[in-house]
Amino acid sequence: MRALPHIIRKEFRQISRNKVMLPLLFLMPILQLMVLSYAADFEVKNVNLVVVDLDKSSTSQRLITKFTASDYFTLVGSFESTALAMQEIEKENADLILCIPKDMAQDLDKLMPVNVQLLLNAVNNQKAAIASNYSLQIIHAWNTDRFKDMTLPPGVLPLTVDIRDSYWYNSQLNYKTFMVPGILAILVTMLTAFLSSINIIREREMGTIEQLNVSPITKFEFILGKIIPFWIIGMLVMSFGLVVAYLLFGITVSGSLFTLYAFLAVYLVAILGIGILISTVTETQQQAMFITWFCIVIFLLLSGLFTPVDSIPEWAKILNLFNPIKYFVEVMRMIMLKGSSFMDIRHHFLVMVGFAIVYNVMAIRSYSKTSG
Amino acid sequence: MKPAISIQNLSKSYKEVEALKSISFEVKQGELFGLIGPDGAGKSTLFRILTTLTLADSGIVRVMDMDVVQDFREIRNRIGYMPGRFSLYQDLTVAENLEFFATIFGTTIEENYDLIRDIYVQLEPFKTRPAGKLSGGMKQKLALCCALIHKPEVLFLDEPTTGVDPVSRKEFWQMLKRLKNEGIAILVSTPYMDEAALCDRIALVQKGEILSIASPDTINEAFHGTLVAMKSHRMYELLTTLRNHPKVASCYAFGEFLNAALMDGDEDWQSLEMDIRHKGFDDLVAYETTAGIENVFMQLLSQAEA
């Protein structure tokens, strides 16, 4: 073990010489957080609205005003028939058609049911779903207002139920609050996985591994000498990312920082194990890059960063049991948003300890085989 | 005294290729031993087995009287290895490379500075330069320093001067002589015949077999037959003419002359000269010459192939 500090120092020297890698380590957290959090926003604004008002009453006018008064809808035209309005959707000028039937006001006064039609352009299904949701809320609000104005006959109660959602842990349903912990998780994962997988291959490509192999350095020392520097870098990048998240978005860690770092410490060992395993089974830096990229993308898509993991098929759920990124994204969100304690994440923690052991044992074994 | 390296019936195959075919030889302590042979002769494989990087299929291989399989860890502490291609950290400086290789062997530059002083003084002006930015000759010197910094008892150099300029090559061999005087046994491979003459003993290797082992002075005696050096301004035509001549056993180009070996027992080279002159080579220069290592090697090669 006496050679270990020297190997680590050599590793840091090499990293500090790398004119691309070093700035990247600190630029990546800032850029990724900014780009992904601002650009990959699911909030929908500027829904182009077309109205087909066949009623032309003050009641229908009030409904239309309700729509245009909101931030989300822009009235781009009104037509006499649905067919004409549809042409606007065809031309991509409109996202939503609101059709108000003839005699709506009269029917409502008679307390008869009325159907208002919403036609949505679902080419972008996410936008359509959100626009539909907004529309329903507006119609609902308009309906409630109407009852307030009416003097109902005695014994008749307004037929409305007021439903209010309350979102816990992210009370304003802020997309950034939700995304930032996940993006930090991905960031740290990508950096450490790529750095470690490329590193050993580089030693092999440059031939330097030959010199190390004829030295008294043991395989265990060698792997450890690779893991420790990148482990430290992972810890630093996460810390830097947390500071950036606070400065840019005011997001703080609700739970204990200690729990977060304890999990991160084990998680990094697992990810570095995967990186080193990849580097032992590949021959060139390119191969290692592609395989690491492939693994990360699969893990990432299944991780629940962008889509809820509960809705994926059974086989993918089983696959996901072995996805370290999924556990980390979950834990990051639990600790940062929900303030979960160590007891809450103990299951995740144990699984990660398992991963760390399995991947690294595989890495050391595989390294022994390849270096004969 | 036990030999520094002892190899008995060593064989090694890669899938279909037999890299080494039951070879045996010994290198004495403090001896400068050269392995001469073309690319693909099995030299690098032999180095990898001796430096404990690859396992042999069969045979007994001992370095400093230790088994390369059982005592590989101890052997690694006591040998120095310079692989065929430059394999130091190109992004670390000269001083950092040397320091790194000293520390992983649990020593310091100061402790063994005496051994590398002569070489290192030439590198000192470039101390802070990244190793990747050194010239070919300087790279080799640095690699030699790094292989020596832990004071090895046996030094393995796999084609250390390939791709190095002639002046640096000469300097490099002078350093090897000095190291040999320090008592370090050196096994060196080279494709250059002129370097072979600087070794104590040389082994000619071809296709995984040792054709001959002798000192550079006595290896010439292994050549049998008469050798004629010839020159004309139409070299290529002369070469084909000689190769097809019934009196000539073999003919190769050596520098500006062609060396033609006569058939066994034939010493009459003058009649060959006359014959060639009659074939229209008016400017022919011809004289009998003594065989060099290259000639011996070529003869042994053609015999091995026959």
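Figure 1. B:E159 is buried, with a relative accessible area of 15%, where under 20% counts as buried. This is a predicted model, so keep that in mind for every view here. Look for B:E159 in the loop that links β7 (154–158) to α6 (166–181) of chain B. Its backbone is worth a glance too: B:E159 has a positive phi of about 45°, and it isn't a glycine. For background, most residues other than glycine have a negative phi.

**Figure 2. Another positive phi, at B:K207.** Here we're in the loop between β9 (201–206) and β10 (209–214) of chain B, which is where B:K207 sits. The phi of B:K207 is near 50°, again a positive value in a residue other than glycine. Is B:K207 buried, exposed or partly exposed? With 48% relative accessibility, B:K207 counts as partly exposed, since the exposed class only begins over 50%.

**Figure 3. The open four-stranded sheet of chain B.** Reading across the sheet, the strand order is β12-β13-β11-β14 (chain B), and the pairing is antiparallel. Which strands stand at the edges? They are β12 (248–254) and β14 (285–289) of chain B; each has a single partner strand, so one side of each has no neighbour in the sheet. On average, neighbouring strands of this sheet are turned by 25° against each other, ignoring direction. Zooming in on one pair, β12(B) and β13 (residues 257–262) of chain B are joined by six bridges in the antiparallel sense. As a landmark in that pair, B:Y252 stands opposite B:N259 of β13(B).

**Figure 4. Two helices lying across the sheet strands.** Helix α9 (residues 235–243) of chain B lies across β11 (227–231), β12 and β13 of chain B. Compare its direction with that of β13(B), and the angle comes out at about 5°. Helix α11 (residues 293–305) of chain B also lies across β11, β12 and β13 of chain B. For α11, the angle is given against β12(B), and it's about 135°.

Figure 5. How many of the five residues of β3 (residues 96–100) of chain A are buried? Five of the five are, so the strand is largely enclosed by the rest of the structure. The side chains split by direction: A:L96, A:L98 and A:I100 point one way from β3(A), while A:I97 and A:C99 point the other way, and all are buried. One neighbour is β1 (residues 47–53) of chain A, which runs parallel to β3(A) and is joined to it by five bridges. In that pairing, A:L49 stands opposite A:L96 of β3(A). Another neighbour, β4 (residues 117–120) of chain A, runs antiparallel to β3(A), with four bridges between them. There, A:L98 faces its opposite number, A:L118 in β4(A).

**Figure 6. Stepping back to chain B as a whole.** Of the 306 residues in chain B, 54% are buried. Among contacts in chain B with a separation of 6 or more, 69% join residues 24 or more positions apart. Chain B exposes about 13700 Å², with carbon and sulfur atoms supplying 50% of that. As for charge, chain B carries 32 positive and 43 negative side chains, and the centres of the two sets lie 4 Å apart.

Notes: Residues numbered from 1 in each chain as written. Chains lettered and ligands numbered in written order. Predicted model: local features only at pLDDT ≥ 70, side-chain atom pairs only at ≥ 80, totals over all residues. Heavy atoms only, no water. Pairing = 2+ DSSP bridges. Axes fitted to C-alpha atoms, helices over the stretch in contact; angles between N-to-C directions. Contact = heavy atoms within 4.5 Å. Buried < 20%, exposed > 50% of the residue type's maximum accessible area, 1.4 Å probe, protein only. Areas by Shrake-Rupley, 256 points an atom, 1.4 Å probe, with all protein chains shown as cover. Lys, Arg positive; Asp, Glu negative; His and termini not counted. Charge placed at Lys NZ, Arg CZ, Asp CG, Glu CD.
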